[in-house]
Amino acid sequence: MAFFRPRVSREAEVRYHADQEISRSFPQLLDKAREAELTLRELRAAGADELELLAAGQAFDRALTEALRAAEAGQRATFGVKAYDDRIARRKAKATPAGAMWTSEVERLRTLREDNRMWGIPRIPRPVPASR
């Protein structure tokens with residue numbers, strides 16, 4: 001008697017290959033985020049006005065978001081094709097050294113982004129339109 005394992009879905013294969021493609025740009029996106037963070041820190045140290053800090057904080061947020069998306073794609077691709085359809089395979093893949101490395105990187109980037117959103121971007125009050 002033969003037992004047949006169901007193959008992974010075609011959608012899972014397509015998503016896997018797309019994630020592999022996206023994750024290739026992770027090092028460049030991470031460098032871009034580091035440069036944006038350096039710019040933000042330099043502006044803070046120089047005592048720049050709030051509008052410049054707002055623009056730099058938002059640029060850092062965008063760079064972190066792009067790097068985070070690439071890291072998440074790398075994480076999913078590292079887990080393998082079966083992990084797209086099977087939560088147990090996904091959980092097992094997280095326990096591997098490569099899976100744990102990507103998981104910690106994703107968590108680190110999420111924490112950085114949330115910290116920047118809470119404290120790195122200055123809050124500037126919106127101008128109130130003058131009433132007639």
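An axis here is a line fitted to C-alpha atoms, for helices over the stretch in contact, and angles run from 0 to 180 degrees between N-to-C directions. The helices themselves are DSSP runs (H or I, at least four residues; strands are E, at least two), numbered from the N terminus.

H1 passes H3 in a left-handed crossing, meaning the near helix is turned anticlockwise from the far one by less than a right angle, while clockwise would be right-handed. On the H1 side, Tyr-16, Asp-19, Gln-20, Ile-22 and Ser-23 do the touching, and they meet Arg-69, Ala-70, Ala-73, Gly-74, Arg-76 and Ala-77 of H3. Contact means heavy atoms within 4.5 Å.

## What you're looking at

Keep in mind that this is a predicted model, where local features need pLDDT of at least 70 and side-chain atom pairs count only at pLDDT 80 or more, while totals for chains, interfaces and linings use all residues. Residues are numbered from 1 along each chain as its sequence is written, and side-chain values use heavy atoms, with hydrogens and water left out.

## H2 and its two partners

Take H2 and H3 first. Their axes are 8 Å apart and the angle is about 160 degrees. That makes H2 roughly antiparallel to H3. This crossing, too, is left-handed. H2 brings a list of residues to the contact that includes Phe-26, Leu-29, Leu-30, Ala-33, Ala-36, Leu-40 and Leu-43, and among those H3 brings are Leu-53, Ala-56, Gly-57, Phe-60, Ala-63, Leu-64 and Ala-67.

Now H2 and H5. Here the axes come within 13 Å and cross at roughly 30 degrees. That makes H2 roughly parallel to H5. H2 passes H5 in a left-handed crossing. Phe-26, Leu-30, Leu-40 and Arg-44 of H2 are the residues that meet H5, where their partners are Trp-102, Glu-105, Arg-108, Leu-109, Asn-116, Trp-119 and Gly-120.

## H5 and Asn-116

H5 runs over 24 residues and spans 32 Å from its first C-alpha to its last, close to the 34 Å expected at 1.5 Å a residue. That expected span is 1.5 Å times one less than the number of residues. Buried residues in H5 are Gly-99, Trp-102, Thr-103, Glu-105, Val-106, Leu-109, Arg-113, Asn-116 and Gly-120. Their cover includes helix H2 (26-46), helix H3 (50-79) and helix H4 (87-94).

Asn-116 lies in H5 (residues 97-120). Asn-116 counts as buried because its relative accessibility is 4%; the cut-offs are under 20% relative accessible area for buried, over 50% for exposed, and partly exposed in between (1.4 Å probe, protein chains only). Not counting residues up to four places away in sequence, Asn-116 touches Leu-40, Gly-57, Phe-60, Asp-61 and Ile-121. With Gly-57 there is more detail: the Asn-116 side chain reaches the backbone oxygen of Gly-57 at 3.2 Å.

## Two residues of H3

Thr-65 is in helix H3. With a relative accessible area of 11%, Thr-65 is buried. Its side chain reaches the backbone oxygen of Asp-61 at 2.8 Å. Leaving aside neighbours within four places in sequence, Thr-65 is in contact with Arg-113 and Arg-117.

Ala-55 also lies in helix H3. At 43% relative accessible area, Ala-55 is partly exposed. Ala-55 and Leu-40 are 15 residues apart in sequence and 9.0 Å apart in space, C-alpha to C-alpha.

Glu-42 is in helix H2 and counts as partly exposed, at 48% relative accessibility. Between Glu-42 and Met-101 there are 30 Å in space, C-alpha to C-alpha, and the two are 59 residues apart in sequence.

Ser-9 is found in the segment before helix H1 (10-23). Ser-9 is partly exposed, with a relative accessible area of 28%. Ser-9 and Lys-92 are 83 residues apart in sequence, and their C-alpha atoms are 19 Å apart in space.

Notes
Polar contact = N/O pair within 3.5 Å; in protein donor to acceptor, adjacent residues only side chain to side chain. Parallel < 35°, antiparallel > 145°, perpendicular 65-115°, else oblique.
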